Amino acid sequence: MSFLNNWWLIPLIITIFSGILCPAMGTVLITHRRLLQVNLISHCVLPGLALALALGIHPSIGGVISGLVGAIIAESLTNKKSENYEAVMNTILAGMLGFGVLLIPLLGIRIDLEAVLFGDLLTANLGDLLRTIIAFLTFILLVTFGYEKVVYVGLDPEGASASGINVSLLNLALSFTTALVIVSSMSAVGVILVIALLSTPTLLGLDKAQSLRIAMMRSSFFGLCISLLGFILSIVFNLSPGPAISVICVASLIIPKIGNKF
């Protein structure tokens, strides 16, 4: 394991995996019109992190469970066709985040909120890498064995349900995988800034894509480039990697628009 002694190697590997995984997951969520759930889950992980630390459980387990619980609560209170869908999602989001902040002093625990929210990639360890790999493999299993169902539900959820596909179970699997991806990305970009990595490369990859598979591959390519560029700039200029990657995400959307005007 001596090759892991280089301080930059594990953060670099996590950057590569996150850069590929997050946009691929984001592509599925956008085609299913579930990207708002990313914002919800990313804010819902904090109570689970706090409770897990208080109970002596690994924080990532609590974060995944808490994020999944928040998604289930939001789904049970409304549906995507309801006009109050976004209001309910944002209410649960704010409530769970507030609950997490309240739990920290009540339970007498210490959490580096800045690292949780915005990431601390350059201090990532082997455990962070293993969680990222687990999330990556979970997503690979989902799209490998459920690709046709994922495509069908994304195009026509009512038709998929009528044809016998358990749409609720698939949505639960997507929520679970999303929570895994978000928690595994805490070390890279944090649970807040991961939204940018799930969204921006996806928008670039979906443009004129002929299939979901092609869109995922293109999104992952853009995400990998953005993540590596952010990682390199953070080392060269002594910046925080998470915010650097997020700023590059925004720039990758703005610069082409400006270029088209000239």
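Predicted model: local features only at pLDDT ≥ 70, side-chain atom pairs only at ≥ 80, totals over all residues.

Tutor: Residues are numbered from 1 along each chain as its sequence is written, and side-chain values use heavy atoms, with hydrogens and water left out.

Student: How are helix 1 and helix 8 oriented, roughly parallel or roughly antiparallel?

Tutor: Helices here are DSSP runs (H or I, at least four residues), numbered from the N terminus. The axes, lines fitted to C-alpha atoms over the stretch in contact, have angles that run from 0 to 180 degrees between N-to-C directions. For helix 1 (residues 9-31) and helix 8 (residues 167-184), the axes come within 11 Å and cross at roughly 150 degrees. Because angles over 145 degrees count that way, helix 1 and helix 8 are roughly antiparallel.

Student: Which residues of helix 8 does helix 1 meet?

Tutor: Contact means heavy atoms within 4.5 Å. From helix 1 come Leu21, Cys22, Met25, Val28 and Leu29, and their partners in helix 8 are Leu174, Thr177, Thr178, Val181 and Ser184.

Student: What is the angle between helix 6 and helix 8?

Tutor: Two packed helices are described by the angle between their axes and the distance between the axes. Helix 6 (residues 126-155) has its axis 10 Å from that of helix 8. The two are therefore roughly antiparallel, and the angle is about 155 degrees.

Student: Where does UniProt place the feature "transmembrane region"?

Tutor: UniProt annotations may be inferred rather than shown by experiment, and the positions are in the numbering used here. In the model, residues 51-75 are 88% helix and 0% strand, with end C-alpha atoms 23 Å apart. Residues 87-109 are 91% helix and 0% strand, with end C-alpha atoms 31 Å apart. The unreviewed UniProt entry gives the feature at residues 6-30, 51-75, 87-109, 129-147, 167-198 and 219-237.

Student: Is Ser199 buried or exposed?

Tutor: Ser199 lies in helix 9 (residues 190-206). Leaving aside neighbours within four places in sequence, Ser199 is in contact with Ile30 and Leu35. Its relative accessible area is 14%. Since buried means under 20% and exposed over 50%, Ser199 is buried.

Notes
Parallel < 35°, antiparallel > 145°, perpendicular 65-115°, else oblique. Buried < 20%, exposed > 50% of the residue type's maximum accessible area, 1.4 Å probe, protein only.
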